[in-house]
Amino acid sequence: MKHWRIEDVAWDRFDPAAVDPDIVPLVKAAAMVERNGRDYAQYLGNVFRDDPDFRQASDYWASEEVQHGDALGKWAMLADPSWNYAAAFERYRKGYTVKVDADASIRGSLTGELIARCMVETGTSSYYSALAEATDEPVLKHVCKLVAADEYRHFKLFYDHMRRYLARENIGVLSRLRIALGRIGESEDDELAYAYHCGNEPDSLAYDHGRCIASYMAGAMAFYRYRHIQRGTGMILKAVGLPPQGRVSNVAAKLAWRLMQWRHHRFEQQLAA
Ligand SMILES: [Fe+2]
Ligand SMILES: [Fe+2]
């Protein structure tokens, strides 16, 4: 059973006057990436072919990710009635595909695969928490809170399975940290950037990775507050086997915050140019 259903959201409370126009393009892009979740489940199903329990959990996980996409897509169509979620998603699928037919994890180990998944869930959990706090529109606030709670549960799901594999594969902390940071860096690849393009730019404008990732990140990074980064840093440290609280965590959170502000500034400069 899902923790919530799209029908549970009070869509009639939607308040067009409270929509922040800067949030709408980000929600459109996020909806498409979320909706693509089933491909990742197919990839995970291949990588974890000998683990039926995990495969079942990951199929269920994907159904929740698809629901995130559908809820965010529905909200974006209320905020912009001229926008068509289904058509935008179809365009996205034509140009962006996840490689699903892998025999082994692209992270080098099953522990590594699950650490990478933990990073994605850390990112989404922090992001939707930040969006929920930033928006005054009541329906988006509610949807983002529901999604953020799911993302945190997803982190726990992958974390618990990761601990099981770690006991077998015994990957060192530094290797785990390298995998985690590698996956975080990939958030600037095509997945989000191309979703931004398909959700917000006309067919007549050719896709440009630099422009699209700058548009997405310049908008998205503006919504974070220090507490979101602090919490996310704790989750990253926990996933790689370092203490999520204490001195290391405080220093890491401060560094992560400064790094994000620097990146944010760079993306804004890139757009202005
Ligand atoms: Fe999600
Ligand atoms: Fe998730």
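The lining of the second largest pocket divides into eight nonpolar, one polar and nine charged residues. Here Ala, Val, Leu, Ile, Met, Phe, Trp, Tyr, Cys and Pro count as nonpolar, Asp, Glu, Lys and Arg as charged, and the others, Gly among them, as polar. This is a predicted model, in which local features need pLDDT of at least 70, side-chain atom pairs count only at pLDDT 80 or more, and totals for linings use all residues. Residues are numbered from 1 along each chain as its sequence is written.

A pocket is an open set of points on a 1 Å grid over the protein atoms alone, where a 1.4 Å probe fits, with protein on both sides within 12 Å along at least five of seven lines; lining residues have an atom within 4 Å of a point. A volume is the space filled by probe spheres set on the points.

| Largest | about 1,400 Å³ | Met-119, Gly-123, Ile-184, Ser-187 and Tyr-224 |

Helix H5 gives the most to the lining of the second largest pocket, with four residues. H5 (residues 110-134) also gives the most to the lining of the largest pocket, with 10 residues. Helices are DSSP runs (H or I, at least four residues), numbered from the N terminus. The largest pocket's lining has 26 nonpolar, 10 polar and nine charged residues.

Next, a helix pair. Pro-25, Lys-28, Ala-29, Met-32 and Val-33 in H1 meet residues in H8, including Leu-192 and Tyr-196. Contact means heavy atoms within 4.5 Å. The crossing of H1 and H8 is right-handed, with the near helix turned clockwise from the far one by less than a right angle.

Technical notes. Chains are lettered from A and ligands numbered from 1 in the order in which they are written. Side-chain values use heavy atoms; hydrogens and water are left out. Helices (H or I, at least four residues) and strands (E, at least two) are DSSP runs, numbered from the N terminus.
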